[in-house]
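Look at the model below with its strands in mind. The text that follows goes through how they are arranged and paired.

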Amino acid sequence: MSVQKAQRKVKAGDIILLAVVLCSAAVLFLFLLLFTSHGAEVVVSMDGAEIGRYALDQDTQVTLPEGHILVIRDGEASVSYAPCRDQICVNHISISRSGETIVCLPYRLVITVEEGSA
């Protein structure tokens with residue numbers, strides 16, 4: 001007995017569905033890019049308690065509890081050192097827009113960009 005391989009043909013409906021999904025993703029990306037503002041400050045919290053606020057318009061380097069190093073440069077915040085093994089927070093891209101966060105789960109550290117105090 002020979003096993004015949006079924007060939008899948010691309011149908012017009014598949015192409016339309018793919019085009020709709022890609023267009024929706026592009027519109028969402030542009031919306032987020034255009035309508036989210038740059039934040040004014042970074043809020044650092046550990047175990048749910050706020051431990052510091054730092055302005056994004058002032059370049060600085062801060063050593064946080066447990067040894068994390070927060071770097072604010074050119075309006076963006078990033079973690080340059082963390083004592084944990086996985087280094088996810090160190091490898092995270094810099095954040096600058098309101099609502100963006102960097103999280104270090106092993107140390108329950110959350111760094112969030114906010115609009116700033118009114």
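This is a predicted model: local features need pLDDT of at least 70, side-chain atom pairs count only at pLDDT 80 or more; totals for chains, interfaces and linings use all residues.

Strands of a sheet pair through backbone hydrogen bonds, in either a parallel or an antiparallel sense.

Strand β1 covers residues 41–46. Of its 6 residues, 6 are buried, so β1 is largely enclosed by the rest of the structure. The term buried here means a relative accessible area under 20%. E41, V43 and S45 point one way from β1, while V42, V44 and M46 point the other way, and all of them are buried.

On one side, β1 is joined to β2 by 6 bridges, and the two strands run antiparallel. Within this pairing, V44 of β1 stands opposite G52 in β2. The two strands form a hairpin with 2 residues between them, and D47 in the turn has a positive phi of about 55 degrees.

β1 is also joined to β7, again by 6 bridges and in the antiparallel sense. Here S45 is the residue that stands opposite V110 in β7.

Strand β7 (residues 109–114) in turn pairs with β6, antiparallel and over 4 bridges. Which residue of β7 is the bridge partner of C104? That partner is L109.

How values were computed. Residues are numbered from 1 along each chain as its sequence is written. Side-chain values use heavy atoms; hydrogens and water are left out. Two strands pair if DSSP finds at least two bridges between them. Buried means under 20% relative accessible area, exposed over 50%, partly exposed in between (1.4 Å probe, protein chains only).
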